[in-house]
Amino acid sequence: MLSVLRKIVQEVSAAPDLESVLDLTVRRIQRAMHTQVCSIYLLDTITQRYVLKATQGLNLEAVGVVSLSPTEGVVGLVGQRAEPINLEDASLHPSFIYVQSTGEERFHAFLGVPIIHQGEVLGVLVVQQHDRRRFDESEEAFLVTVSAQLAGVIAHAEATGSIQPVGNNLGGTAKIVQDRRFSGVAGAPGIAIGQVFVASLPADLEGVPDKRAKNIEREVEAFTEALEQVRHDIREVSKSLSQRLRSDEQALFDVYLRMLEDNALAGQVVERIRAGNWAQGALREVVAEHVRQFSSMDDAYLRERATDIRDLGRRILSHLQEGVGSHEVEYPDQTVLIADDLSPAMLGLVPEDKLVGLVSVSGSGNSHAAILARSMGIPTAMGVVDLPYTRMDGRDIILDGYTGRVYVNPSDDLKNAFGEILREEQMIAAGLETLHDLPAQTTDGYRMPLWVNTGLTSDVERSLERGAEGIGLYRTEIPFMTRDFFPSEQEQMHIYRRQLEAFAPRPVTMRTLDIGGDKALPYFPISEENPFLGWRGIRVTLDHPEIFLVQVRAMLRAALGYGNLRIMLPMVTCMHEIEEAIEQIDRAVRELQEEGLDVERPPIGIMVEVPAAVYLTRRFARKVDFISVGSNDLTQYLLAVDRNNPRVADLYAPYHPAVLKVLQFIAQEARKEHKTVSICGEMAADPGGALLLMAMGYDVLSMNSNNLPKVKSAIRGCSLAKANSLLQRVMRMDDAEAIHQYLRTSLKKMGLGSLTRPSLPGRED
């Protein structure tokens, strides 16, 4: 059974559309289990009925016609219970309903299992047999296993609309579904309403979007030219290697050339172009079909031809993209840029006055692209894994950067609702600009320093424009991520000096290199099964003192003449790490002094980001000059939730009672040793969270510069006494969402409702 299951999963994954998936599945299961019938019923979300979508054994005329409500028949009962039902004779069961058109009156034994994806019943998988018997445990286990595998494929196929032929996507007569919602992870806050432009990487076949061909003859011509260039390339390679290869090896190049003949791959691509798809999209379709066909073959030699087809496809695509590069690309006035894996370079593709939003199918809220988007103030959603991005070019879209959701083909009602929110945001932003020169001081005179988190040179100007009083976190890994090799000491010194110089004499807190987890360097790969619990942060730099020393030396040299540098150590878990890092910093100070530079050891602090550090806060405080809390990672580790995983992102709750208790404990422990304690994370950037942190006793709040005006406005509109009252009430509550709602309501009562995250259409609060 295991080998049969592997084959089913492999074939299902390679199937071109949902209809093929279902037909293939029922045929394979019916044959593997030696039953007379295998059928699949899927729940129609509009009619709320289980529709017969595929069968092997029942009347084929019933497919797409027969349907049952969730309260009808044994099929409906399986869906209701969300568990398998195994019957010796289904006709004797009280829930049995006879549907004449199916021809199932001949069958008695019945086994139905629900098809469930993320807690939602998508349909029911059924096998039936003439004999009166109960299917045994191994048969039931097999069907449940197939159902679990099938659920993910069905969910993705439905989400991506893969049952629709390309002609319909390119302007056919199929009805367009409005307000189609896809969920990801919030990358950068804000609302964007615009038109999709799909960006793809060079020679990335899978990422090529479908686009309607504006000039079919020109597309055919471009493809023909690219094809001839590839033929030329292959002939040249064949000629250059002719003296080094045997005749049978040389013949492989002839195989490549035959694949490019008009009656094979090339002819099919031209057909797709004439059907309306542009050359790149047509090529992607045809190559994918050939790859699927070869990959499913039993013969090992023929299976390997799938690799040849992919290679040829990439070669042709590369030449096609070179041709496109010579033409001016037209971007919509309100461009929402979508990519499979959004890179910083892609952000520069669209003119600044036209780019209103960013969506990445892959990636996380901590990716370089997301960090850049936040600093630029561009609404962004990351990790929207089910988004059918290759079929969305030119579509209308609404992007909700607060929740990470996108709405495709939005209705006028939804556009109007989000449009109103967008106008309110713009009015509020204009009003907050007047706060630049005013202090973040409560109505009863308490002053709260507001610092910023930076990573890019461009962040500095934005931060100063918004009235930042210092830098609480400078992510030094960002310059490392934008290069192809480790930057030299001199390069680092110039980068750091720009931050220190711009903010002098205000403090600049530089975190030492924090790589690992979801922050990888292409030239220093770290491959681990669980990177968040692996080699990251201080663990990497202490294992590589040559990297650590160069960075610290660059920081110390950059601070000469300014005296505003603070060094912060990330991901600390024990005293030994602190002592070893301080020893290395002292060594760098001595080396530079011996070289004749007038440097001094700057204040050194640590980040509390892991639970182990929480309970050692007071001991750590005795050893260092300041404490800073990395609330994003700390929340993630406390709740065992990867906030960058859209499947569980809803469980990431900054206002979880356990998180609040830990944050209060850290502040109390640090103050016992009379050390300043700051926090840099998303909670500090939320007006309600900022008031709670102020009441807990945090000395500094550090945030993204875009959020600073809102937080300042909240502090200026509230008294410290009122903040303390809010904190006391919140600490008695035991539900994260209830706490969040209470804070929003309280801010509204204080006349600060405009500072809270807007109440968005389609969001369950």
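Q: In which sense do β4 and strand β5 (residues 109–117) pair, and over how many bridges?
A: In this predicted model, β4 (85–87) stands at an edge of its sheet with a single partner strand, so one side of β4 is left without a neighbour there. Within the pairing, L87 stands opposite F110 in β5. The sense in which β4 and β5 pair is antiparallel, and the number of bridges is 3.

Q: In what order do the 6 strands of the open sheet follow one another?
A: The pairing in this open sheet is antiparallel, and β3 (67–68) and β4 stand at its edges. Helix α2 (residues 18–33) packs on the sheet, touching β1 (37–44), β2 (49–56) and β6 (120–129), while helix α3 (residues 73–81) lies across β1, β2, β3, β4, β5 and β6. The order of the strands is β3-β2-β1-β6-β5-β4.

Q: Which strands does helix α16 (residues 489–503) touch where it packs on the sheet?
A: The sheet in question is a barrel closed by 8 strands, with parallel pairing, in the order β15-β16-β17-β18-β19-β20-β21-β22. Within it, strand β17 (residues 508–511) and strand β18 (residues 565–569) pair over 4 bridges, and V508 stands opposite L565 in β18. Helix α16 packs on this sheet with its direction at about 155° to that of β17, and the strands it touches are β15, β16, β17 and β18.

Q: Why is helix α25 (residues 708–716) largely enclosed by the rest of the structure?
A: The cover over its buried residues includes α13 (412–432), β15, α24 (687–696) and β22 (700–703). The buried residues themselves are L708, P709, V711, K712, S713, A714 and I715. Helix α25 is largely enclosed because the number of its residues that are buried is 7 of the 9.

Q: At what angle do α24 and helix α26 (residues 720–730) pack?
A: On the α24 side the contact involves L691, L692, M694, A695 and M696, which meet L720, A723, N724, L726, L727 and V730 in α26. These residues divide into 10 nonpolar, 1 polar and no charged. The two helices are roughly perpendicular to each other, with their axes 8 Å apart and a packing angle of about 95°.

Q: Where in the protein is confidence lowest?
A: The mean pLDDT of the protein is 84, with 83% of its residues reaching 70 or more, and the highest confidence is found in strand β20 (residues 626–629), at 98. Over residues 162–175, however, the pLDDT is below 50. Where pLDDT is low, the predicted coordinates should not be read in detail. Confidence is lowest, at a mean of 38, in helix α5 (residues 166–169).

Methods: Residues numbered from 1 in each chain as written. Predicted model: local features only at pLDDT ≥ 70, side-chain atom pairs only at ≥ 80, totals over all residues. Heavy atoms only, no water. pLDDT = per-residue confidence, 0-100. Contact = heavy atoms within 4.5 Å. Pairing = 2+ DSSP bridges. Axes fitted to C-alpha atoms, helices over the stretch in contact; angles between N-to-C directions. Buried < 20%, exposed > 50% of the residue type's maximum accessible area, 1.4 Å probe, protein only. Parallel < 35°, antiparallel > 145°, perpendicular 65-115°, else oblique. Nonpolar A, V, L, I, M, F, W, Y, C, P; charged D, E, K, R; others polar.
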